[in-house]
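Visitor: Please show me the sequence and the structure, and then take some questions on them.

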Amino acid sequence: MATVTFKNDIVCNLAGNEINVGDTAPVVTVVNCNPMLQDEQVGGEGKVQLVVAVPSLDTGVCDAETRRFNSEAAGLDGVEVMTVSMDLPFAAARWCGAAGIENIKVCSDFRNKDFGNAYGVLLADGPLAGVLARVIFVIGKDGKVTYKQTVPEITEEPNYEEALEAAKAAANA
């Protein structure tokens, strides 16, 4: 079972099926934050996806991370960028409006935790049990994971440049 730390002190186990580079990305449904609460698909073939799992948009690190990927997404031709958290879609919609998020899809895994379990990024224990770890996946057009970054300390930001380069490479493959 994979682990991450919280505040460099508490070890949190990740629940679910750990997905790694080279694995077929499971096809799961999450809910977007538009008023109709429409389903969005993570995984599958035919498009490149940069999927950013975060604990909650209401934290400074998740806020900064999602804003950064929103800004960078404008330059990623052929890549669907999606942030997934356990935040309720209504709260995510308010946050997106206040933050000016327009270039990425912001989605929630609140209904069944299908994404968290299928990708092995659901925090199983510790003070944040039930939310997602900070993990980034790039899924290629063939439906395979081409990149994965698990941020070992949940309160730290990811390596943006590495994730963005992986998404560009997948789009150009």
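Guide: The questions and answers below concern a predicted model.

Visitor: How many residues of strand β5 are buried?
Guide: Strand β5 covers residues 48-53. Val-48, Leu-50 and Val-52 point one way from the strand, and Gln-49, Val-51 and Ala-53 point the other way. Buried means under 20% relative accessible area, and the residues on both sides are all buried. The number of buried residues in β5 is six of six.

Visitor: Which residue of β6 is the bridge partner of Val-51?
Guide: Strand β6 spans residues 79-85 and runs parallel to β5, with six bridges joining the two. Among the residues of β6, the bridge partner of Val-51 is Met-82.

Visitor: What is the handedness of the β-α-β unit made by β5, helix α1 and β6?
Guide: The strands of this unit, β5 and β6, run parallel. Helix α1, residues 60-73, belongs to the unit together with them. The β-α-β unit is right-handed.

Visitor: Which residue of β9 is the bridge partner of Val-51?
Guide: Strand β9, residues 135-139, is joined to β5 by five bridges, and the two run antiparallel. In β9, the partner of Val-51 is Phe-137.

Visitor: How many residues are in the largest nonpolar core?
Guide: Phe-137 is one of the residues that touch the most other members of this core, and Val-84 and Tyr-119 are also among them. Elements giving two or more residues to the core include β5, β6 and β9. Another core, of 29 residues, lies apart from it, with Val-81 and Val-106 among its members. The largest nonpolar core has 30 residues.

Note on methods
Residues are numbered from 1 along each chain as its sequence is written. This is a predicted model: local features need pLDDT of at least 70, side-chain atom pairs count only at pLDDT 80 or more; totals for chains, interfaces and linings use all residues. Side-chain values use heavy atoms; hydrogens and water are left out. Buried means under 20% relative accessible area, exposed over 50%, partly exposed in between (1.4 Å probe, protein chains only). Helices (H or I, at least four residues) and strands (E, at least two) are DSSP runs, numbered from the N terminus. Two strands pair if DSSP finds at least two bridges between them. A crossover is right-handed if, with the strands pointing away from the viewer, the path from the first strand over the helix to the second runs clockwise. A nonpolar core is a set of buried Ala, Val, Leu, Ile, Met, Phe, Trp, Tyr and Cys residues joined through side-chain atoms within 4.5 Å.
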